[in-house]
Amino acid sequence: MAARRPLIVGNWKMNGLTASLGEATALAGKVKAQTPAAELGLCPPATLVAAMAATLKGTGIGVGGQDCHAKASGAHTGDISAEALKDAGAIYVLTGHSERRTDHAETDATVRAKAQAAHRAGLIAIVCVGETLAQRDANETLKVVSAQLRGSLPDDATAANTVVAYEPVWAIGTGRTPTEAQVAEVHAAMRQELKARFDDGEGFRLLYGGSVKPDNAKSLMAVADVDGALVGGASLKANDFWPIIEAKGFK
Ligand code: PGA
């Protein structure tokens, strides 16, 4: 099995206007000056996917959507298909981010259907899982994350078309992070789950997400079975994002 290539993805969430494309350009400039070994992605709001994909063409930085509908087309006002994201230049799409699970009542079955849609359209699905603070306090983390993983990954998932992001809900946007031991425990359990179900389970990239910042990236990215990061707030500015890329992206 080939070594897993690190992957660092920025999730801009509901932030970013046309002027923010300057940050993507700034990031591209840094990449050009010092090419990282890691694969890099940015997931802007849907309104910016096409423009960002055009801006980043040929830079090696991929663009992703933050969500997609399970269907390829149809009467679903306001929704965006995986095919439309692909057409706009995306290569990734996040599915099952905890903010989608919470704000839009997405279940594991919904997330699985969306990941399948991503594969149908030729996108890499970045499937997000993670426990709430109440679940961690109740010692249910491994049970919850394993169940989410089982329910959210479609049978057609492969190491090439699917990435898993472990994002503890209580660590997202809070400045709090799990200990390295806690991250290692969850990532090891996810790896075991993937190996048991998929022939190429060893090859799936497992990202950590939740308050990854320039000052904690190095230690989090050094944890066993952490193949990269899904970064929210610190991905909005190229100058904050770059040290995180440096933490995993250079050998
Ligand atoms: P954060 O968000 O880095 O701002 O905590 C991470 C995420 O939700 O993907």
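1. In this predicted model, an oxygen atom of the ligand lies 2.7 Å from an N or O atom in the side chain of Lys13, which is a polar contact, meaning a pair of N or O atoms within 3.5 Å. A ligand oxygen atom is likewise 2.6 Å from a side-chain N or O atom of His97, and one is 2.7 Å from a polar backbone atom of Ser211. Taken alone, the ligand exposes 280 Å², of which the protein buries 97%, where accessible areas come from the Shrake-Rupley method with a 1.4 Å probe.

2. Around the ligand there are 13 residues, and those that come nearest are Lys13, His97, Glu167, Gly173 and Ser211; a residue is counted here if one of its heavy atoms lies within 4 Å of the ligand. By class, this shell holds four nonpolar, seven polar and two charged residues, with Asp, Glu, Lys and Arg counted as charged, Ala, Val, Leu, Ile, Met, Phe, Trp, Tyr, Cys and Pro as nonpolar, and the others, Gly among them, as polar.

3. Turning to the helices (DSSP runs of H or I with at least four residues, numbered from the N terminus), the axes of H1, residues 21-33, and H10, residues 238-249, come within 9 Å and cross at roughly 40 degrees. Axes are lines fitted to C-alpha atoms over the stretch in contact, and angles run from 0 to 180 degrees between N-to-C directions.

4. Helix H7, residues 141-152, packs against helix H8, residues 180-197, at about 35 degrees, with the axes 10 Å apart. The contact includes Leu149 of H7 and Met190 of H8, and by class has seven nonpolar, two polar and four charged residues.

5. Residues are numbered from 1 along each chain as its sequence is written, and side-chain values use heavy atoms, leaving out hydrogens and water. Local features need pLDDT of at least 70 and side-chain atom pairs count only at pLDDT 80 or more, whereas totals for chains, interfaces and linings use all residues.

Definitions and conventions:
Helix = DSSP H or I, 4+ residues; strand = E, 2+ residues; numbered from the N terminus. Polar contact = N/O pair within 3.5 Å; in protein donor to acceptor, adjacent residues only side chain to side chain. Contact = heavy atoms within 4.5 Å.
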